[in-house]
Amino acid sequence: MHDIATVAGEAFFQAAYDAAAAHPDNYEAFLEQLKQQSGAKGKGLFQPLRSALTGRLDGPELPKIYAIMEPHRLRMRLAEFARGAQ
């Protein structure tokens, strides 16, 4: 499951961290910034996020996960992958 996150790469997760820091309460704005910065789309966008945030490839929709997770914890998980944690 973390293979997907590894393939996405550290730059993807740094962009995700930056977007989450800029938009802690707005999933749509977070997603738009991440798309623009990373160039990722479709499964290449959603699966690495889900894997990093939940450790799974299935489960609740990402907007629900984003709304439920504390912003600090969400950024902490993204930062782990931005530093290459697996």
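Predicted model: local features only at pLDDT ≥ 70, side-chain atom pairs only at ≥ 80, totals over all residues.
1. Confidence. The chain has a mean pLDDT of 92, with 95% of its residues at 70 or more. Helix α1 (residues 2–8) has the lowest confidence, a mean of 80, while helix α3 (residues 27–38) has the highest, at 97.

2. Core. The largest nonpolar core holds 24 residues, and Phe13, Phe30, Leu34, Leu49 and Leu78 have the most contacts inside it. Two or more residues each come from α2 (10–22), α3, α4 (43–54), α5 (62–68) and α6 (71–82). The largest share, six residues, is that of α2.

3. Geometry of α3. This helix has twelve residues and spans 16 Å from first C-alpha to last, close to the 16 Å expected at 1.5 Å a residue.

4. The buried residues in α3 are Tyr27, Phe30, Leu31, Gln33 and Leu34. They lie on the same side of α3 because they cover an arc of only 165° around the axis. An α-helix has 3.6 residues a turn, so residues three or four places apart point the same way. Glu28 and Gln36, on the other side of α3, are exposed.

5. Cover over α3. The elements covering the buried residues of α3 include α2, α4 and α5. For Phe30, leaving aside neighbours within four places in sequence, the contacts are Ala16, Ala19, Ala20, His23, Leu49 and Tyr66.

6. Ends of α3. At the N-terminal end, Asn26 caps the helix, with a side-chain oxygen 3.2 Å from the backbone nitrogen of Glu28. After α3 comes Gly39, which has a positive phi near 75°.

Methods: Residues numbered from 1 in each chain as written. Heavy atoms only, no water. pLDDT = per-residue confidence, 0-100. Helix = DSSP H or I, 4+ residues; strand = E, 2+ residues; numbered from the N terminus. Core = buried A, V, L, I, M, F, W, Y, C linked by side-chain atoms within 4.5 Å. Buried < 20%, exposed > 50% of the residue type's maximum accessible area, 1.4 Å probe, protein only. Contact = heavy atoms within 4.5 Å. Expected span 1.5 Å × (residues − 1). Arc of directions from axis to C-beta. Polar contact = N/O pair within 3.5 Å; in protein donor to acceptor, adjacent residues only side chain to side chain.
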